[in-house]
Amino acid sequence: MSIKARSKDLWSQTVRWGRALPGKVSRGRDSASVRVLTTWDAAIIAVTLLFLLVAARRVEHFGTARNAGYIVLDLAPILLLALAMTLIVTTGEIDLSVASTVGLTSAAMGVMWNGGMSLESIMPVAVLLGAVLGAVNGLFITGFGLPSLAVTIGTLALYRGLAYVLLGDTAVADWPRAFTGWTLGGIGESAVPNVLIPMLVLAAGFGLVLHATPVGRSIFAAGANPIAAAYAGIAVGRLKFWLYVTSGAMAGLVGVLWTLRYSSARADNANGLELTVIAVVLLGGVSIFGGKGSLPGVLAAVVLLVALQNALRLAHVSTEALTVVTGSLLIVAVLAPNAATAVRGALRTRRRRTA
Amino acid sequence: MSRTRLLRFTTPLLALALLTACSGTTQGDDDGGGPAGDETNADPNAEFATGLSFAMLPKSVNNPYFDASSNGAEAAATALEGTFEYTGPSDASASSQVSYIDTLSQQATDVLLLSANDPNALCSSLDQARAGGTVVVTFDSDVDAACRDLFVSQVDSDEVGLALLEMTAEQMDATGEIAILSATANATNQNAWIDVIKAELESNPSYADMELVDVVYGDDEDEKSFSETQGLLQAHPDLSAIISPTTVGIAAAARYLSGSEYKGQVALTGLGTPNQMREFVNDGTVTEFALWDPTALGELAAYTGAAAASGIITGAEGEAFTAGDLGEYTVGADGIVTLGPPTRFNAENIDDFDF
Amino acid sequence: MSALATTPAAKTGSTLLDLVLRFRALGLIIALTVLVGVTTAMNPRFLSGQSVRDLLFAAAITVLLACGMTVVVLTRGIDLSVGSVLGLSAYLTGSVLAETGMATAAAMLVGLAVGAACGALNGAIIHFGRVPPLVATLGTLYVLRGVIYFVAGGSRINASDLPRGFLDFGNGSLLGVPYLFLVAVAVLAVVGVFLGRYRAGRDLYAIGSNPEAAGLAGIPTGRRLLTAYVLSGSLAGLGGVLYAARYGTVDASAGYGMELNVVAAVVVGGVAIFGGSGTALGAALGALLLTVINNALPVLRIDQFWQQAIIGALILAAIALDRLVSLRAARALRQKGSNVD
């Protein structure tokens with residue numbers, strides 16, 4: 001089959017899946033929320049684009065290539081973590097330990113660096129370490145059947161604590177300029193950040209997996225109704241286990257990125273970042289109950305949140321306002337679809353009554 | 001099944017690690033080297049430029065000590081007919097400061113006044129800011145000398161350490177165990193003072209009967225400093241004195257001591273603000289402590305930055321300038337401008353001050 | 001009578017282990033005793049009057065917040081905003097006392113009211129907005145912290161600004177037991193009785209076990225949930241008042257990050273995170289255990305940096321233990337022929 005024909009085939013398959021399964025797996029009153037959700041993705045993407053346009057016009061220095069570079073650097077860790085988090089939340093679970101995994105892998109990098117290992121071997125080891133940490137989560141959650149919220153709160157504390165045990169309060173800061181420069185720099189002479197390409201590749205990869213492969217469909221199914229999915233032949237436990245491993249590996253990668261970007265391996269790196277990651281995932285339209293969501297929405301939400309913070313800083317808005325805005329966005333992200341469904345339901349009832 | 005998948009997963013990563021272990025960038029390979037210094041000459045007779053934009057970026061906002069220094073800096077900015085902005089992160093972390101530095105350098109701030117959370121992690125952003133024309137003046141807590149133009153030190157490092165040790169010796173008859181309750185483990189300023197204290201304890205025969213048994217970190221957080229003090233006294237019940245070279249630490253330690261059985265038995269000294277310590281001086285917990293005027297520090301920092309931006313000084317040793325009503329100041333070695341000797345506060349003079 | 005208590009004993013070879021598995025509080029007391037014993041053996045000062053007083057002071061506010069968190073977790077919810085509520089209440093109480101001349105008792109009521117209002121906000125978002133508790137309280141954690149920053153800015157309330165009587169209450173003791181701890185014990189008693197003997201309290205267990213069934217059985221779930229969150233918020237507000245009384249110095253960072261410790265205390269204390277089982281006493285013992293560990297570390301000369309790692313390991317161990325207990329209970333019930341899954 002030619003590439004054109006195959007991609008056309010893939011596309012039509014995707015469209016078929018997209019139209020068929022969600023409607024089948026979650027029926028009845030849920031299909032209204034599905035409709036709301038699919039418009040939520042479109043809405044969030046539209047809002048993001050609108051915001052970028054308005055901010056470029058109204059906020060000084062926002063619309064420059066240099067600022068775009070800063071935004072990309074700022075959102076890189078959040079986006080990479082959100083990719084795996086989207087998949088996990090879609091299966092109905094959660095992973096609160098991602099930021100602590102970043103901290104622990106960063107601290108481990110520092111210890112390895114001080115121990116004389118070469119940076120080229122430290123980096124894959126860090127990713128591997130992240131994967132192992134994710135596997136521990138997976139073991140507790142799928143192996144022992146414990147609730148993911150509690151387990152990942154426990155590993156959040158455990159991993160962050162181990163990071164402090166490794167590095168204490170000190171920092172390792174003598175990373176080679178060749179690597180830190182690459183992380184901060186652009187492609188050739190342009191302002192396009194070096195990190196943008198790997199980010200886009202990974203985002204595209206995750207997006208394809210979620211929306212265009214059987215694995216992705218299993219993820220949606222497992223989230224919508226784990227028991228039905230199990231009866232349908234999906235190995236829900238194994239799926240979730242590998243998702244946690246993936247999440248850990250991504251966190252390890254972010255650990256490397258963070259350490260090189262700030263040229264500083266510290267135990268408190270990425271402290272509190274998990275809340276931001278969850279905020280963007282929910283803002284992107286992924287349902288916290290599982291079974292519904294789309295990656296483009298999450299990508300737009302990441303851009304929106306980071307660009308918003310950037311613009312507010314440029315516009316001299318205080319730090320406090322940023323905190324309030326993030327929190328409110330988080331609540332609104334879940335409140336709005338519920339409100340919309342309620343309104344829709346009320347209208348339908350009224351129509352039925354008057355009919 | 002899962003084992004082969006596991007192997008498939010990890011083998012490439014391990015292989016990569018092993019292959020690159022042979023050749024690789026290890027610690028110490030990098031030869032460093034910052035950006036070339038500014039080679040223009042100073043003009044001591046030049047006027048202060050008007051209309052400069054000043055921005056102050058403390059370790060964290062919501063800290064009264066830095067609030068006071070911002071008042072001084074703002075007064076100087078107003079006197080010089082410039083604009084002033086006070087901004088920064090809510091948490092005292094280096095990664096948060098980086099985002100603010102990036103924002104400020106984009107806004108083409110003329111003078112950046114910075115109190116750093118980490119001596120190395122901010123360097124790449126500071127280099128970019130300076131490349132864009134911003135004058136970077138650190139105050140209170142320095143960064144690596146290659147990354148900033150000038151450092152305004154509240155007092156000479158050695159003087160602070162010596163004064164603290166002197167007060168301690170006076171209050172404990174130069175005999176016994178002492179401990180230090182510091183801020184964060186990475187703070188440049190506190191670490192410099194602690195090094196001076198350690199060196200002096202070793203070399204000075206009049207302190208031969210004093211022993212430093214522990215250094216703990218309260219992270220400039222009230223509760224943590226409080227419980228660290230508690231821990232110190234539990235682990236070292238024969239402690240004679242505690243030195244706390246941070247306003248948050250000494251206040252928390254004083255509060256603990258004044259409510260405990262150690263009041264009056266364990267001497268407490270360090271750097272504190274008169275308003276916070278007045279109560280404890282009056283009830284006998286603290287005999288004497290020291291500080292400088294943070295408002296004057298901020299004011300001097302602003303004038304120093306303005307002088308550098310106007311070409312009056314370049315940061316070379318020996319250059320002189322007039323800092324408004326604070327008087328004449330000369331740049332010392334390594335681009336350091338010192339405010340003056342520390343002020344000691346005790347029951348006699350504490351009511352004369354209000355900050 | 002709980003089904004667990006009628007299970008035939010001695011499934012393991014050891015009756016003690018079974019007893020511990022059945023009564024979480026017993027296990028916690030044993031752990032506490034062992035820990036205190038070991039630490040005192042290393043350093044007898046650990047049990048001195050000063051040291052014990054310090055311990056009780058440190059535990060008081062966590063115990064208080066743990067009671068509130070228990071009520072919420074029982075309903076299958078969670079309240080991550082307690083740290084921010086505490087901070088807001090502490091700052092507002094402190095500034096009201098420092099700036100106006102309000103009577104101490106009235107100012108304390110202000111703190112409580114602030115906490116109750118925040119709790120009501122949480123409850124409204126969760127019940128009426130049908131937002132999951134994790135998301136809702138995460139959002140209010142951010143929002144309220146931002147509000148504190150707005151209100152407080154860089155200013156700080158100093159101990160010298162607060163009335164002497166207020167600070168004495170926060171730092172004083174009665175027969176060696178701090179007033180703060182006595183308040184916490186009193187609250188524990190009230191919450192324990194509420195959960196154990198009052199219908200509104202028992203309903204919370206039902207809602208946590210199976211919300212749909214509870215609703216069908218006629219329990220006014222909305223009202224109960226709102227009560228739970230308002231209670232949690234009020235206790236956090238009370239915690240803020242006690243915080244201001246104890247520390248005297250209050251700034252915008254008060255209570256930051258406290259929620260993790262409270263959740264840990266509750267989980268370690270045997271309250272199931274999936275709702276429906278657990279007691280306030282267990283949560284309080286969990287809080288006490290964590291405080292003793294924190295205080296014992298420097299005495300045992302263990303690096304303070306191990307603190308958080310130990311908390312994390314304890315949480316994992318606690319929920320694994322809970323799972324073990326519930327599996328055994330389910331197995332036992334199945335053997336008796338009931339229709340438990």
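This is a predicted model: local features need pLDDT of at least 70, side-chain atom pairs count only at pLDDT 80 or more; totals for chains, interfaces and linings use all residues.
C:R156 counts as buried, because 26 C-beta neighbours lie inside 10 Å and 20 or more are required for that class.

**Chain C as a whole**

- Along the principal axes, the C-alpha atoms of chain C fill a box of roughly 65 × 55 × 35 Å.
- Buried residues make up 54% of the 341 residues of chain C.
- Of the contacts in chain C between residues at least 6 apart in sequence, 77% join residues at least 24 apart.

**Packing of α12(C) against α14(C)**

- The axes of α12(C) and α14(C) come within 8 Å and cross at roughly 35°.
- The crossing in which α12(C) passes α14(C) is left-handed.
- On the α12(C) side the contact is made by C:A264, C:V267 and C:V268, and on the α14(C) side by C:I311, C:L314, C:I315, C:A318 and C:I319.
- By class, this contact of α12(C) with α14(C) has 8 nonpolar residues, no polar residues and no charged residues.

**Contact between chain C and chain A**

- Chain C places 39 residues in contact with 37 residues of chain A.
- On chain C, the elements that give two or more residues to this side are α6 (133–152), α12 (258–268) and α14 (306–335).
- The greatest contribution to the side of chain C that touches chain A comes from α6(C), with 14 residues.
- The side of chain C that touches chain A divides by class into 29 nonpolar, 7 polar and 3 charged residues.

**Contact between chain B and chain A**

- In this contact, 37 residues come from chain B and 38 residues from chain A.
- The elements of chain B that give two or more residues to the side touching chain A are α1 (2–22), α3 (94–106) and α4 (123–131).
- With 8 residues, α3(B) gives the most to that side of chain B.
- By class, the side of chain B that touches chain A comprises 13 nonpolar, 19 polar and 5 charged residues.

**Domains of chain B**

- Chain B is divided into domain 1, which covers 53–154 + 294–340, and domain 2, which covers 157–291.
- Taken over C-alpha atoms, the centres of domain 1 and domain 2 of chain B are separated by 28 Å.
- Domain 1 of chain B gives 9 residues to the contact between the two domains, and domain 2 of chain B gives 9 residues.
- The side of domain 1 of chain B that touches domain 2 of chain B has 4 nonpolar, 2 polar and 3 charged residues.

Technical notes: Residues are numbered from 1 along each chain as its sequence is written. Chains are lettered from A and ligands numbered from 1 in the order in which they are written. Two residues are in contact if their C-beta atoms, placed from the backbone, lie within 7 Å. Helices (H or I, at least four residues) and strands (E, at least two) are DSSP runs, numbered from the N terminus. Ala, Val, Leu, Ile, Met, Phe, Trp, Tyr, Cys and Pro count as nonpolar, Asp, Glu, Lys and Arg as charged, and the others, Gly among them, as polar. A residue is buried if 20 or more other C-beta atoms lie within 10 Å of its own, exposed if 12 or fewer, and partly exposed in between; C-beta atoms are placed from the backbone. Domain bounds come from an automatic or database domain assignment. Axes are lines fitted to C-alpha atoms, for helices over the stretch in contact, and angles run from 0 to 180 degrees between N-to-C directions. A crossing is left-handed if the near helix is turned anticlockwise from the far one by less than a right angle, and right-handed if clockwise.
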